[in-house]
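Here is a short note on the model you asked about. Please read the points with the structure open.

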Amino acid sequence: MMLFKIAYRNILRNRRRSAMTALAVAVGTLAVLLFGGFQRNVFAGLETGAVQRSGHLTAFREGYFLYGAGNPSAYGIDDYQNIVQLIKNDAVLQPLVSVVTPTLSLVGIAGNYSGQSSAAKTFLGIGFIPSDRARMRQWNEHHITLATGAEPVLKDDEPSVGFVGVGLGRILGLCGPLKIPNCPFPPDLASERPPIDAPAEDFKDLQERDVAKAAADSHAGMPRLDLLGATAAGAPNVVGLYVASAAPQGVRELDENVIGMPLPLAQQLVYGRQKPKVTGITVQLRRTEDLEKGRARLKALVQDSRVKLEVHDFAELNPFYVQVKSFFGAMFLFIAAIMGVIVLFTIVNTMTMAVLERTAEIGTSRALGVKRGGVRRQFLLEGALLGAFGAIIGVAVAALATFAINHAGLEWTPPANAQPTPFRVELWGRTALIGLTWIALTVIATLAAWFPANRAAKLQIVDALRHV
Amino acid sequence: MGRPEVRARKGVNMTSVVRLHGVAKTYRVGTVDVEALRGITLDIHQSRFTVVIGPSGSGKTTLLNLVGAIDVPTSGSVELCGQDLAALKDDALSEFRARHVGFVFQGFSLMPVLSAFENVEYPLLLVGMPLSERKQRTMVMLEAVGLADQRHRRPNELSGGQKQRVAIARALVKQPDVVLADEPTANLDTKTGAAIIELMREVQAKFHTTFIFSTHDPQLMSHSDETFVVRDGRLVPPAHEVRA
């Protein structure tokens with residue numbers, strides 16, 4: 001108790017110096033907590049986006065993950081409906097799972113031969129069940145505010161309506177019909193290409209049939225694309241897709257390639273009249289913390305399926321998520337390390353000055369019978385108290401700053417997001433971050449006090465007593 | 001140098017509390033060796049008011065430091081309360097000082113962040129005395145030095161004389177075998193110095209403690225039971241003087 005009393009009073013003895021030291025610790029705490037809170041918001045946003053798009057877990061046919069992009073149709077799962085039902089009915093997974101839905105990835109060429117323009121582009125397609133996709137988009141475990149309206153809600157009963165990435169819409173000349181912003185009119189290259197009304201002989205029949213079918217359909221106002229793909233058997237196949245809107249994808253490569261469409265249309269393109277298959281069975285859990293439990297159970301469930309399946313999580317399917325997380329993690333460590341070093345040197349400086357000023361007192365204490373360890377403990381405790389006080393101030397200021405930031409209406413565009421989202425710092429309830437930051441800075445302050453404390457403990461008593 | 005003969009005062013305990021045998025202490029100052037003490041041999045007896053005198057730089061303080069176990073001799077042996085100090089390691093020496101030795105310093109050396117009461121209480125904490133006994137004994141000691149009313153004051157709120165009274169109370173509170181006082185009146189005016197000497201004499205008599213002083217102060221010399229004169233690191237004959 002006396003140790004604490006002496007330490008506390010010595011801290012108050014030189015108020016200005018102690019205040020400056022505590023302030024340095026507080027600034028370190030503030031920086032770490034604000035960045036940690038911001039990082040949390042970024043991670044939550046990335047996770048939410050990834051889980052909304054691709055669920056937590058996806059079962060693929062073995063080999064698809066590494067080789068399937070080149071020929072998705074070859075990695076189809078034919079008894080997918082049974083597997084979906086098996087997962088849905090499983091007693092272990094049922095309470096954990098939010099959505100179980102089949103998806104089909106495909107590649108092909110999208111063409112716009114509407115008569116006003118003629119353009120074609122390879123695409124990456126994803127076929128899904130619109131109502132399941134809409135439910136997946138509702139997932140928001142972290143209760144964060146994401147940009148809205150990024151993807152249109154499609155309907156199960158409109159199997160030929162989909163969406164394209166904004167870049168792909170622009171490339172295919174759909175700026176006007178899809179009201180794509182910042183989409184200047186393309187240069188007129190009409191004189192350098194064959195007239196649209198005189199298609200190449202090879203595609204003449206195809207285009208005639210296409211135009212006739214378009215006229216017969218009733219999706220008034222929606223532009224229509226022809227999607228050309230290869231069936232699983234290797235034969236070319238064409239389907240028509242009405243584009244409801246252009247959805248920004250955040251990353252240019254995706255934005256200029258993605259087409260989303262209802263699963264039946266995707267299956268029609270890839271499998272034609274054959275038995276439809278899917279490339280993946282996506283499972284979205286209610287809570288991410290159940291990921292490992294869900295993965296283990298899902299693996300157990302699908303291990304006896306007719307085709308060999310493998311299970312991957314959303315981090316594996318979204319390498320960008322992992323990269324951004326690693327980047328922010330490294331930045332957090334970098335900032336924390338810098339703050340730690342600042343705190344370390346500040347405390348070393350303060351405690352060194354304290355030892356110098358109190359050398360004669362140290363001599364007196366030692367003469368009275370205080371052991372070397374007692375002197376060391378005294379200064380270590382003072383360093384620890386300075387660190388702890390400073391960190392408490394830092395936590396309080398961080399809480400106020402968080403409130404101010406979150407109510408300032410700031411916006412930013414996170415990585416892989418196409419639209420600005422509210423700039424928020426998630427500090428409330430982050431007891432682990434707050435607690436660990438407080439502990440870490442207090443420990444650093446204590447360690448920093450070790451050097452001067454040790455020096456104080458090693459002083460010769462008579463030398464210390466002579467010190468003026 | 002032979003051990004000085006001590007003539008006993010009537011009623012005085014003649015057991016040796018301090019025994020120095022052939023004690024030498026050499027300091028290195030820069031590249032020069034300075035011999036502060038050269039083969040001191042002496043005995044100091046229990047419950048005596050002993051004074052060590054000598055000119056500045058004669059080795060008085062060094063002698064007291066060695067007796068107080070806060071310095072170690074270059075050669076020779078120091079025995080305090082029957083304990084050869086050379087046999088004790090640093091922590092054991094600290095513990096030994098905490099139990100057996102009290103100090104009164106020239107510059108008072110009170111802990112500035114502690115009140116008068118806490119300063120006096122502090123040595124009792126070091127020996128692990130229970131709270132109630134600690135508080136009671138501290139209060140008795142403060143009353144003995146006449147500072148019970150000033151007990152809540154910090155050193156910077158006390159006069160020089162009051163500070164030295166606190167220092168004396170602090171030195172005596174644990175009832176040590178020896179109290180060492182290095183020029184305790186040097187920083188005090190004549191009147192205050194005399195009062196402090198009177199006080200020390202009183203408490204020494206009351207608590208039967210062995211007091212060893214170093215001083216230039218003739219007032220203090222006149223109060224001593226026994227006097228050692230140190231010059232150039234040696235005891236100068238006659239090595240001691242015992243009041244009849």
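1. **Basis.** This is a predicted model: local features need pLDDT of at least 70, side-chain atom pairs count only at pLDDT 80 or more, and totals for chains, interfaces and linings use all residues. Residues are numbered from 1 along each chain as its sequence is written, and chains are lettered from A and ligands numbered from 1 in the order in which they are written.

2. **Chain B overall.** Chain B has seven helices and ten strands. Helices (H or I, at least four residues) and strands (E, at least two) are DSSP runs, numbered from the N terminus. The C-alpha atoms fill a box of roughly 50 × 40 × 40 Å along the principal axes. The radius of gyration of chain B is 18 Å, which agrees with the value near 18 Å for a compact globule of 244 residues. That radius is taken over C-alpha atoms, and the globule rule is 2.2 Å times the number of residues to the power 0.38.

3. Of the 244 residues of chain B, 47% count as buried. A residue is buried if 20 or more other C-beta atoms lie within 10 Å of its own, exposed if 12 or fewer, and partly exposed in between, with C-beta atoms placed from the backbone. Two residues are in contact if their C-beta atoms, placed from the backbone, lie within 7 Å. Among chain B contacts between residues at least 6 apart in sequence, 72% join residues at least 24 apart.

4. **Six-stranded sheet.** In chain B, an open sheet of six strands runs in the order β6-β7-β8-β3-β9-β10, with mixed pairing. Strands pair if DSSP finds at least two bridges between them. β6 and β10 (234–235) of chain B are at the edges, each with a single partner strand, so one side of each has no neighbour in the sheet. β3 (49–53) and β8 (210–215) of chain B are parallel and share five bridges. Here B:Val51 stands opposite B:Phe213.

5. Eight of the eight residues of α1(B) are buried, including B:Lys60 and B:Asn65. After α1(B) comes B:Ala69, with a positive phi near 65 degrees.

6. β6(B) runs parallel to β7(B), and four bridges join them. B:Phe103 stands opposite B:Leu180 in β7(B). B:Val101 and B:Phe103 point one way, B:Gly102 and B:Val104 the other, and all are buried.

7. **Four-stranded sheet.** The open sheet β2-β1-β4-β5 of chain B has antiparallel pairing. β2 (32–45) and β5 (83–84) of chain B are at the edges, each with a single partner strand, so one side of each lacks a neighbour in the sheet. β1 (16–29) and β4 (75–80) of chain B pair in the antiparallel sense over five bridges. B:Arg19 is opposite B:Glu79 there.

8. **A buried alanine.** B:Ala169 lies in α5 (160–172) of chain B. B:Ala169 counts as buried because 29 other C-beta atoms lie within 10 Å. Not counting residues up to four places away in sequence, B:Ala169 touches several residues, among them B:Val120, B:Met141 and B:Leu147.

9. **Helix α2(B).** Which residues of α2 (90–100) of chain B are buried? They are B:Leu93, B:Ser94, B:Arg97 and B:Ala98. Seen down the axis of α2(B), they fall within an arc of 140 degrees, so they line one face of the helix. The arc is that of the directions from the helix axis to the C-beta atoms. These buried residues pack against α14 of chain A, together with β6 (101–104) and α3 (116–126) of chain B.

10. **Interface.** 17 residues of chain A are in contact with 18 residues of chain B. On the chain A side, α1 (2–13), α14 (359–368) and α17 (461–466) each supply at least two residues. The largest share, six residues, comes from α14(A).
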